Amino acid sequence: MNAVFEQIFQVGFLAAIIRIATPLAFATLGEMFSERAGVLNLGIEGIMLLCAMTGFTATSLSGSLWLGVLVAVLTGMLMGALHALFTVALGLSQHVCGIGVTLFSSGLAYFLYRLIFGQQSVPPSIKGFQTLPIPVLSDIPVLGPAVFNQFALVYMAILAIPLAAFVLYRTPWGLSVRMVGENPRAADSAGVSVIATRFQAVILGGALMGLAGAFLSMAQFNAFTFGVVSGRGWVAIALVVFGRWDPWRSAGAALLFAFVDALQLRMQASGLGHIPYEAFLMLPFIFTIVAMAVMSRNAVAPSALLKPFRREER
Amino acid sequence: MFRLEARTSTPAWFNLALPLLAIAATLVLCSGLIALAGAGVFESYGVMFAASLGDSYAITETLVRAAPMIFTGLAVAVAFRAKFWNIGAEGQLLAGAVASCFVGAIPMPGPLAMLLMALAGAAAGAAVALVPATLRVKFKVDDVVSSLLLNSVIYYALMALIEGPWKDSFSGYPISPPIEDSANFPVLIEGTRLHLGVIAALVAAPLIWFLIVRTTLGFRIRVTGENPEAARYGGIHVQRVLLSTALLSGALAGLAGVGEVGGVHFQVMSDISPGYGYSGIVVAMLARLNPLGVVPAAIFLAAVMTGAEAMSRATGVPAFLSDVIQGTALLAMLVALLFTAYRIRRVGAVQ
Amino acid sequence: MPTPAPLIEMRGITKSFGAVKANEAVDLSVAPGEILGLLGENGAGKTTLMNVLFGAYAPDAGEILIQGQPARISSSADALAAGIGMVHQHFHLAARLTVLENLLIGIPGKSGRIDRAGGLARLAEISRQHGLTLDPSLPVSALSVGEQQRLEIVKALFRGARLLILDEPTAVLAPSEVDGLFSALRSMAAQGLGIIFISHKLNEVRALTHRCTVLRHGRVAGRVDDPANTTSAAMAELMCGHEIVPPARGPSTPGEAVLALDGISTSKHSGTTLRHISLVVRAGEILGIAGVSGNGQRALAEVISGVRAPDAGRMTIAGQNVSRFSPREVQALGLGRIPEDRMTTGLVTNLPLADSMVLPRIGTAAFSARGLLKPDAIRAFAEEQIKAYDIRCPGPMTRAGALSGGNLQKALLARELAFDPKVLIVSQPTRGLDIGAARFIHEKFLDMRAKGCGIIVIGEDLEELLVLCDRIAVMYEGHIAGTLDSADATVARLGLLMTGVEGRG
């Protein structure tokens with residue numbers, strides 16, 4: 001067993017945690033903004049998949065990685081707007097609309113991918129993001145190579161956390177988001193447009209989900225496969241609960257999940273051969289369910305989550 | 001300016017008109033994708049129709065595919081009636097398939113085997129559905145998320161089985177051993193795949209309708225779903241109703257898996273369900289959560305799936321069109337449902 | 001008081017909801033420094049009119065003038081910009097955000113950030129001016145109801161309101177807090193603010209306002225230029241269209257105790273804690289439970305109806321210990337219950353009315369057998385009650401949510417009274433009902449009392465309780481502060497008990 005632990009706690013392991021946490025951090029922050037405004041976005045799984053596809057395709061056709069990222073972000077915003085159209089403007093059930101958006105986006109992703117690339121025996125790939133060591137910082141022992149020798153998108157995720165906290169807690173717009181998620185009537189009577197604020201928050205959330213998708217197909221796998229997201233979106237929704245709708249805690253939850261995921265990957269590779277590898281694959285999901293069971297009793301969701309706002313309703 | 005205005009009553013013909021409206025809107029919207037793929041819209045839809053409902057053999061194939069979606073559609077309809085957000089029909093289906101395959105591989109008289117397969121599959125599905133329901137009732141865990149996550153867990157468990165103890169040692173393929181021949185569901189029409197499970201699905205729908213509309217359990221499910229507070233004050237044990245609903249819903253989803261093992265595949269493999277559990281949500285919503293409506297809604301989706309494959313072969317339009325149609329149909333139906341609660345009124349400028 | 005150019009003028013305002021005309025051709029004006037009373041029964045259209053003024057509803061016809069200029073107010077943002085502030089009956093505050101955050105919502109920031117320093121300075125200034133102090137760092141959930149109302153007033157002033165609308169502000173206050181509110185309002189008026197004070201309580205309107213507009217059935221029924229020197233009777237007649245004749249309550253002949261609570265306490269799990277509640281209701285008497293809302297009345301109703309189990313104490317119905325009984329079990333012993341909030345705890349608005357009418361007794365032999373419903377019996381029962389109680393609706397299969405408040409209340413009453421309860425517990429029985437419907441309900445209670453039913457009425461309207469009840473118990477912070485025979489009770493004495501000033505009586 002000692003050998004296993006030695007293998008686990010090394011630079012490569014820390015770097016793997018950061019890498020696994022990155023798309024989850026983007027996705028979790030995106031879902032958090034949406035939910036803080038009172039809109040559950042179950043479309044996240046499909047949106048991430050579609051964004052992974054569009055980003056990959058744009059890069060594959062143009063050769064530009066950043067163009068791919070931009071396309072993925074725009075796709076995410078568009079799908080966010082679609083979800084907001086149904087749930088905010090029309091006030092439809094957030095649960096069912098989210099499932100609808102996921103089914104629609106994943107169907108569209110499969111369809112367009114097959115249309116553009118046809119059926120190939122070896123899936124097409126791109127030259128994805130390369131690690132970008134940050135001078136000086138990457139020379140710090142252990143932490144340096146693990147955290148500061150990463151993809152540009154990883155640094156973006158690291159910066160996104162304090163930025164999200166600043167926006168949510170320190171800006172008037174962030175206050176409006178929290179207010180429409182707690183008591184939309186209060187926001188409305190203070191002259192804040194509930195509909196507009198919710199749209200903006202869900203669209204911003206979509207943009208972040210787009211970054212999550214882009215990371216998967218353009219930095220982690222450098223290809224688009226149908227299983228490229230495989231439940232990460234659902235996990236992000238659980239992480240928002242686990243992180244109590246707070247940017248810092250949510251990011252922390254993403255790191256914790258990434259730790260469990262990285263651990264199971266190491267354990268799979270570490271010759272614990274008599275245990276089927278699927279048992280390890282299950283582990284993060286079971287961990288998430290248990291974590292939710294532990295946390296949910298005291299978790300307090302935004303009061304107006306799932307509640308549509310119609311002004312003249314009596 | 002347009003405004004939504006609450007309706008006090010909904011005309012009865014809406015029940016039929018709205019799903020048809022949603023389906024029509026879906027087909028119009030998706031025709032854009034067919035055109036994008038460079039194929040003729042009418043030609044493609046024509047192929048889809050011919051291949052799924054065009055002749056009696058095609059119809060039996062569509063019915064075979066509809067059967068699991070009738071079960072998952074009923075599972076979701078029952079759950080959503082109680083506002084138990086069971087998105088886990090996929091995992092419950094897989095659990096039902098595994099359990100029935102396990103039982104079906106034991107040598108015993110055919111009718112007994114089939115009965116036990118159904119019981120085992122229903123029990124396995126119910127047991128899986130009980131997890132998110134219990135977590136919600138005891139720990140306030142959101143049932144959507146837990147039932148979704150559980151789908152992945154069940155899927156990996158199934159993979160561990162078919163790549164582990166069940167793995168075909170001869171071919172090395174990750175498939176389970178087949179069930180006994182005597183346990184294969186009888187085929188009803190020679191030369192087709194129309195099996196007993198299809199009839200079971202068609203019978204299940206009116207039974208579930210009866211349960212929802214005419215029994216006290218159904219009454220409690222409806223009231224709990226519409227207003228849990230009023231139900232609680234009215235002396236209904238809301239948590240018990242939720243758990244009963246979960247058991248019923250999971251059992252129905254489990255039966256979907258039983259039908260696939262006993263009537264179609266006779267064994268378990270990794271792709272035994274192409275997302276029938278998720279399609280169940282679309283089916284239930286198209287049916288407006290009415291168990292009787294689940295049958296035509298499931299047949300529609302089955303026709304789309306069967307037809308899309310033929311269309312893909314004939315016109316080169318990717319068969320994934322059927323996935324897009326499912327998602328679009330769900331969203332279109334939700335919008336259409338607005339008309340049951342609201343009417344659109346034109347509002348003049350205020351003078 | 002001299003009347004300068006009006007601050008706000010509403011002319012010919014008409015607003016309908018579906019077939020209901022909530023306002024019809026209403027005129028109203030307020031001058032700077034003036035406190036205008038807007039008087040009317042529940043459902044007379046006061047709140048609707050003010051929501052039109054505040055931009056929440058678009059009027060179907062009519063115009064609004066601000067300082068003589070026609071103005072278009074189509075959102076609360078427009079109203080705020082025009083200097084109109086409103087304190088709603090149900091506060092518009094986010095409980096988990098702080099006082100300062102609730103004040104700063106919708107206020108532009110400074111260089112992209114929330115302007116905390118500016119907000120604190122402005123709050124301090126307003127506090128000094130009107131004596132309205134608040135701790136800016138507390139979350140709203142930590143404030144008392146009175147403080148939350150103060151925050152709502154400060155919020156309006158913070159946004160530079162020159163006209164302040166208060167919708168039934170005293171409903172949530174204890175009598176002593178009302179005095180504080182009134183002096184703050186007088187100070188604001190003295191500084192030139194216009195104030196619209198909405199109420200249906202005559203004595204308050206007479207004590208506070210300079211002028212008064214009375215609404216009835218959505219129309220202006222009359223105006224009173226000198227409320228302080230106008231008799232309550234005259235104003236009540238304007239408000240109701242006829243002199244109010246309270247239903248005659250004969251002498252009571254209380255029999256055996258039908259319901260007894262002995263030292264009932266609950267833990268602080270949710271809502272207010274109950275502390276050693278002991279009370280007795282006898283057959284043939286009406287016991288009132290008075291108190292400022294939020295002092296444990298809801299918890300008490302939940303314990304009695306079996307929805308919440310007490311942590312200590314004993315409850316008996318007709319001598320049988322029912323402390324641990326479920327709602328279904330206490331009901332089977334003859335407890336009837338009409339909940340406080342029809343829409344959330346009484347009815348299922350999306351299902352047919354008949355379903356709501358049989359809901360509490362669906363498992364009984366009357367409506368089901370061996371797990372199967374008896375649809376014909378359910379329908380027949382609903383039809384019978386619809387006829388007996390004159391519930392206006394197209395039929396038993398109508399969606400319950402489509403009925404008016406008065407008809408829904410009748411339906412709830414019918415569903416309980418049809419089974420001759422021994423004990424009836426009722427919360428806010430006439431809230432939101434017009435006079436006719438309220439009277440009908442009162443008469444039914446008196447009928448039941450004559451038949452030997454023990455009735456508990458939980459209410460906030462002291463006048464109503466004094467007319468209806470034989471005895472009145474007052475709840476304060478989760479315990480019974482005192483019980484008075486209604487012959488000895490006055491609004492003033494009850495008021496003292498409600499604030500905890502007078503001890504156990």
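**The largest cavity and beyond**

Author: The largest cavity is lined by 13 residues, and those nearest its centre are B:Tyr233, C:Ser305, C:Gln331, C:Arg337 and C:Glu416. On a 1 Å grid over the protein atoms alone, a cavity is a set of points where a 1.4 Å probe fits but cannot get out, and lining residues have an atom within 4 Å of a point. The model is predicted, so to speak of local features a pLDDT of at least 70 is needed and side-chain atom pairs count only at pLDDT 80 or more, while totals for chains, interfaces and linings use all residues. Residues are numbered from 1 along each chain as its sequence is written, chains are lettered from A and ligands numbered from 1 in the order in which they are written, and side-chain values use heavy atoms, with hydrogens and water left out.

The volume of this largest cavity is about 110 Å³, where a volume is the space filled by probe spheres set on grid points that are joined across faces, edges and corners. A search of the whole structure finds six cavities of 30 Å³ or more. Helices (H or I, at least four residues) and strands (E, at least two) are DSSP runs numbered from the N terminus. By class, the lining of the largest cavity has six nonpolar, four polar and three charged residues, where Ala, Val, Leu, Ile, Met, Phe, Trp, Tyr, Cys and Pro count as nonpolar, Asp, Glu, Lys and Arg as charged, and the others, Gly among them, as polar.

An open space can be described in the same terms. The second largest pocket holds about 1,800 Å³ of space, a pocket being an open set with protein on both sides within 12 Å along at least five of seven lines. Its lining has 49 residues, and the closest to its centre are A:Tyr110, B:Glu90, B:Ser273, B:Pro274 and B:Gly275. Helix 5 (residues 94-117) of chain A gives the largest share of this lining, six residues, and the lining of the second largest pocket divides into 23 nonpolar, 17 polar and nine charged residues.

Chain C, which supplies much of what we began with, also has loops that deserve a look. Most residues other than glycine have a negative phi. C:Ser111, however, is not a glycine and has a positive phi of about 40 degrees; it is found in the loop between helix 3 (99-104) and helix 4 (116-130) of chain C. C:Ser111 counts as exposed because its relative accessibility is 74%, with exposed meaning over 50% relative accessible area, buried under 20% and partly exposed in between (1.4 Å probe, protein chains only). C:Ala318 likewise has a positive phi, near 45 degrees, and its place is in the loop between strand 14 (312-317) and strand 15 (320-321) of chain C, where it counts as partly exposed because its relative accessibility is 48%. C:Gly33, in the loop between strand 2 (20-30) and strand 3 (35-40) of chain C, counts as buried because its relative accessibility is 10%. Although C:Gly33 and C:Leu7 are 26 residues apart along the chain, their C-alpha atoms are separated by 9.3 Å.

In chain A, A:Val228 lies in the loop between helix 10 and helix 11 (232-242) and counts as buried because its relative accessibility is 1%. A:Val228 and A:Leu49 are 179 residues apart in sequence, yet 7.0 Å apart in space, C-alpha to C-alpha. Not counting residues up to four places away in sequence, A:Val228 touches A:Leu49, A:Ala52, A:Leu216, A:Ser217, A:Phe221 and A:Ala223, and contact here means heavy atoms within 4.5 Å. A:Ile195 is found in helix 10 (residues 194-220) of chain A and counts as partly exposed because its relative accessibility is 31%. Leaving aside its neighbours within four places in sequence, A:Ile195 is in contact with A:Val88 and A:Phe309.

Finally, in chain B, B:Gly191 sits in the loop between helix 6 (143-163) and helix 7 (196-214), and it is exposed because its relative accessible area is 64%.
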